[in-house]
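The following explanation leads the reader through the structure, from one chain as a whole to particular contacts. The sequence and the structure are shown first.

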Amino acid sequence: MSKKNKNFHREIETRLLDTTSPFAIREAFNHLRTNLLYTLNNDKGCPIFAVTSAGEASGKSTLMANIAISYAAASKKVLLIDADMRAPMQCNIFHEDKSTYGLSELLSGIERDDRTVIRSTETEGLSILFAGQTPPNPSELIMSHAFELYLKKWRLEYDAIFIDFPPVGIVTDTLAVHKLVTGYIFVVRSERSEKRSVAASLDTMKKLDAKILGIVLNDVDSKILGYGGRYSSGKRYSKYSRYSKYESANKYESSYANAYEHAYAKKQKEEKEEKHDA
Amino acid sequence: MEKTVSLEHLWQIFKNTWWKILIVVLIVTIAAGVVTEFCVPRKYSSTTEFYIVNVNQTIDYTTSTTVAADQMLAKNYIEVIKSDAMMSMVGEKLKENHEIEMTNKQIRAMISSATNSNASSFSITVTAPHATLAYKIASYITELAPDLVTEITKPSEISATVKWETIASNLADKAEEDPKYAEVALAVQTAANKLAENEDTLTVKGLQNRLQCIQVIREPVENPNHVSPNVIKVCILVALAVAILTYAFFFLREFLSSEIRTENDVKSLTDLPILGVIPRWDLSSHKASNAYEYGYKGGNKQ
């Protein structure tokens, strides 16, 4: 891993959504969550979202963790599975010991009760299944019948399942189970992902009939967010600059609505005070 | 992967890089201004202007044909002024009066000329490292040019007469051998005589009126203000050039980049929908010590 990537991995440890997260980030994840719901086309049952990328250091693990948090915050029961057994990241993100039992132990039969390896978190509704210790045969474990059976079981227990897979451009585990997942979220990191490798990975996935739900462009510099007309450039997160005063809202999951209500109530209070003074 | 460039794309590149371009332009322009002001040698100029007197025409200066003919004359006269003969004379004057030794080539390099397209005149400008030198050279040209031009251009008229006389002489020789040429030889000789008479008349008239081919209509003056380098002009040109080059650099960097940066880059690769765009998380603005808050709290599920 390059020095640049190591730095990146260190950085992402603290980038989990919470109430102190920037308003723009929270809204971006809310937007992503809404778009993911649209991709389901009214399919009933628990969707299984898999995340992958063309290469390393695209930020997919952090992104997956944050989408899971965002989903859980919308009163959903969510399971986040770290299926990248070669280079597990969720344990770093959630500050868990790498030797903790997880998916590899469950699929290899070392641990037979999934309830003992699935951990709950401070985020209500969010549970995590860490990758566990790196096995000698991660591909075989992912393609095992056991994994399929567990997924079927968890689909009955959760509202949404998110699986953090290895980069599709590096290992084949990701695509081996494409029939088991609802679809793939393909993560592209701005100013890092190479066009050729992304195009090649998408091509591979299409050839295997893997359902790609869409692309998430991650870690976009606020200065270049002006592209496509969705954001304006200049000030950091300037699209949201007018709303930044509402950042004091307590619940990020309904930040806009709460913030609006909060501001409206504040305005009414001020008007009352003015009348009272008059 | 076909690359297309839209106006919007160009504008976005500018919008995202304008401050960088501005910084580069400011730095380079200031540097260019300082270098121009303090390092580039200054130049001064002095200009004299001549009016063309066309002695061979019954003059009607209102017609454009006449002006065009004078333009041709002006070009000839400028060549005479830039000739070695004139440069030598100016060089001698400089040596005599100011003890400045300059070669013909050096003096010629200081001289530039311009013809007036709307009138029968032309100007000679002398540009030199010192205002006095420029003025002196221009003054000597003003003093010497009318006589020299008149003297040099006159022989062409004489040569015409000589030419006619030569033809008449040849015909006379032939007439001695063959009488049928006698009549033609006589006619040509008469014509040659008439031409010579006219030329004499013209020359006498010219001498009487002290008429010259060119006359000075603007005397040179010593100009203390330097004409070169023009710092403002240099700064404007440098600023424009640097702005264009800097923008071109950013555009090429963007255009030739192999990395994905924007939504447009993604759209150019695939038709898949873009589910979301996550802005860069600026940790400095996020007091993210709360990772544990949402992290693993320990213990098993339920």
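In chain A, 74% of the contacts with a separation of 6 or more are between residues 24 or more positions apart, a contact being heavy atoms within 4.5 Å. The model is predicted, local features need pLDDT of at least 70, side-chain atom pairs count only at pLDDT 80 or more, and totals for chains, interfaces and linings use all residues. Residues are numbered from 1 along each chain as its sequence is written, chains are lettered from A and ligands numbered from 1 in the order in which they are written, and side-chain values use heavy atoms, with hydrogens and water left out.

Chain A has 11 helices and 7 strands; these are DSSP runs numbered from the N terminus, helices (H or I) of at least four residues and strands (E) of at least two. Of its 278 residues, 56% count as buried, that is, under 20% relative accessible area with a 1.4 Å probe and protein chains only.

A pair of aromatic rings is described by the distance of the centres and the angle of the planes. Over all chains, 10 aromatic pairs are found; rings of Phe, Tyr and Trp (its six-membered ring) pair if their centres lie within 6.5 Å, and planes over 60 degrees apart count as edge-to-face. One of them joins A:Tyr71 and A:Phe162 edge-to-face, at 5.0 Å centre to centre and 70° between the planes. Because A:Tyr71 lies in helix H3 (residues 60-73) of chain A and A:Phe162 in strand E5 (residues 160-164) of chain A, the pair ties together parts that are 91 residues apart in sequence.

The axes of helix H3 (residues 84-98) and helix H5 (residues 131-153) of chain B come within 10 Å and cross at roughly 130°; axes are lines fitted to C-alpha atoms over the stretch in contact, with angles from 0 to 180 degrees between N-to-C directions.

The axes of helix H1 (residues 7-38) and helix H8 (residues 231-256) of chain B come within 7 Å and cross at roughly 145°.

Notes: Phe/Tyr/Trp six-rings, centres within 6.5 Å; stacked < 30°, edge-to-face > 60°. Buried < 20%, exposed > 50% of the residue type's maximum accessible area, 1.4 Å probe, protein only.
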